[in-house]
Amino acid sequence: MTPASNEPAFSAERQRAVAAALNAALPAGCVLSELEDTRPYECDGLSAYRQPPMVVVLPQDEAQVVAVLKVCRDMHVPIVPRGAGTGLSGGAMPIADGVVLSTARMNRIVRMDATSRTAVVQPGVRNLAISEAAEPFGLYYAPDPSSQIACTIGGNVAENSGGVHCLKYGLTVHNVLRVRMATIEGDVVELGSEALDAPGLDLLAAFVGSEGMLGIVTEVTVKLVPKPAVARVIMASFDEVVKSCSAVADVIAAGIIPAGLEMMDQTSVRMVEPFVRAGYDTDAAAILLCEADGTAEEVEEEIVRMSGVLEAAGASRIQVSTSESERLKFWSGRKNAFPAAGRISPDYYCMDGTIPRIHLARVLVGIAEMERKYGLRCANVFHAGDGNLHPLILFDANQPDELQRAEAFGAEILALCVEVGGTITGEHGVGIEKIDSMCVQFAPAELAAFHAVKGAFDPQALLNPNKAIPTLNRCAEFGKMHVSGGRLPHAGLPRF
């Protein structure tokens, strides 16, 4: 591991030249170059890895984004797009001699159309703000990441974010109709349309989840859905984790698609309950949160059906929310799992992998074995309905080797996900965190295809370079070190 230095990784002359060119292209106050001003942008939610940027720009509209791209292209300066900085894979970590382009000031809701059930928003609009603006029309935006109070739609597009209701309503890619984006060449392109389909290649699907490597989002059209008349949550307790995993598969096999189907193991329940007091069963080995929404009749029928399935699967206790406030209380515990980790551990490392539901029990048993192997605790809290795992590996960075052990633990979890037919990410992206794990999942020909797509959009490789897609040389080197047992994730990356 190579610790980061507090010293700038660029020459003062270079910084002055780039800042001067950007200041000439943008209004006053849109360019930050003093270290005390750029320091807040040195990392995203993966705070173990940090790098102060050379310059930060805060454009206020699309024309200013294009102006920034022109300057950076002409001066061959790397650009890292940044939303709210809530990402967890290092996707928004700066490049040492590059520019961070923050879309925070592009935060206007352009249009809310209740008739077509769409909203047109700038990339800096918060996820939750869309639903708040749509509420008077009886509508809302369905994807709801745990960070929805802070994360922005531009970042959601970059990472293809999900949330606790993505099982029924889909990820960002299923809820975005159109993206307006600026290419590195300074062209403004619209991908998708407000119709059900758009002519030509489906570049919208390629762009959503591309982690800022293909272009800069300047405007997004999202789908809005009607708020359900009623929503209720079942909290089901299980005395064995394996039983809870079987129950997840049984619910889906019964032809039921809950609005949300989440799992928390005992470690996560016990860390959350004192923090939120959501009424969780702290004696259970695991709990499931299963939500039904729709008309009163639909919800009543689905609650009865799900309760029957859960009882047959071995649930030791079933509690159904009796009011909207109780429903929100049940969900508040799930959505506050990450901050609650701070009550029982100085640090945590949040993983993100996706597996077929049939292998939930196998992977959770494997994670328990890894806890013993690495001498670290792990709290499991995740989107059980679609197999999107979020193990929280608990560690203390002040203790020798604990961060390295946590990283190795995380890499082994991802390798197990791939082994059972899953993938190394579900909604957090690859960024810098999982770039070596990409070598585990994809063959050289597949990685070459990814690089070809990147090259078609960004031939100079200036947009978020060295993220998400490893080079073939890197994978070859990773393979050698991995086989020899000497490789840990992120070797050579800057850390404080």
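Leu288 is buried, with a relative accessible area of 0%; buried stands for under 20% relative accessible area, exposed for over 50% and partly exposed for values in between, with a 1.4 Å probe and protein chains only. The residue belongs to strand β15. Helices (H or I, at least four residues) and strands (E, at least two) are DSSP runs, numbered from the N terminus. This is a predicted model, in which local features need pLDDT of at least 70, side-chain atom pairs count only at pLDDT 80 or more, and totals for chains, interfaces and linings use all residues. Residues are numbered from 1 along each chain as its sequence is written, and side-chain values use heavy atoms, with hydrogens and water left out.

Beyond its neighbours within four places in sequence, Leu288 is in contact (heavy atoms within 4.5 Å) with Ile234, Met235, Ala236, Phe238, Ser244, Ala247, Val248, Glu262, Met263 and Leu310. Val233 lies 55 residues from Leu288 along the chain, and the C-alpha atoms of the two are separated by 9.7 Å.

Two of the residues that touch Leu288, Ala247 and Leu310, also take part in a helix pair: Ala247, Asp250 and Val251 in α9 meet Met306, Val309 and Leu310 in α11. The residues of this contact divide into five nonpolar, no polar and one charged. Here Ala, Val, Leu, Ile, Met, Phe, Trp, Tyr, Cys and Pro count as nonpolar, Asp, Glu, Lys and Arg as charged, and the others, Gly among them, as polar.

The table sets out this pair and a second one.

| Helix pair | Axes come within | Crossing angle |
|---|---|---|
| α9 (residues 241–253) and α11 (residues 296–312) | 9 Å | roughly 140 degrees |
| α14 (residues 360–374) and α15 (residues 402–419) | 10 Å | roughly 155 degrees |

Axes are lines fitted to C-alpha atoms, for helices over the stretch in contact, and angles run from 0 to 180 degrees between N-to-C directions. Angles under 35 degrees count as roughly parallel, over 145 as roughly antiparallel, 65 to 115 as roughly perpendicular and the rest as oblique. α9 and α11 are therefore oblique to each other, whereas α14 and α15 are roughly antiparallel. The crossing of α9 and α11 is right-handed, and α14 passes α15 in a right-handed crossing. A crossing is right-handed if the near helix is turned clockwise from the far one by less than a right angle, and left-handed if anticlockwise.

On the α14 side, the contact with α15 is made by Arg362, Val363, Gly366, Ile367, Met370, Glu371, Lys373 and Tyr374; α15 contributes Arg405, Ala408, Phe409, Glu412, Ile413, Leu416 and Glu419. These residues divide into eight nonpolar, one polar and six charged.

Thr103 sits in the loop between β5 (99–102) and β6 (109–113) and is buried, with a relative accessible area of 7%. Apart from neighbours within four places in sequence, Thr103 is in contact with Arg82, Gly83, Pro123, Gly124 and Val217. Arg277, in the loop between α10 (266–276) and β15 (286–294), is exposed, with a relative accessible area of 60%. Phi of Arg277 is near 55 degrees, a positive value in a residue other than glycine. Asp401, also not a glycine, has a positive phi near 70 degrees; its place is the loop between β21 (391–395) and α15.

The protein chain averages a pLDDT (the predictor's confidence in each residue, from 0 to 100) of 94, and 95% of the residues score at least 70. Over residues 1–6 the pLDDT is below 50, and this stretch has 20 contacts in the model beyond near neighbours in sequence. Over residues 484–488 pLDDT stays under 50, with nine contacts beyond four places in sequence.
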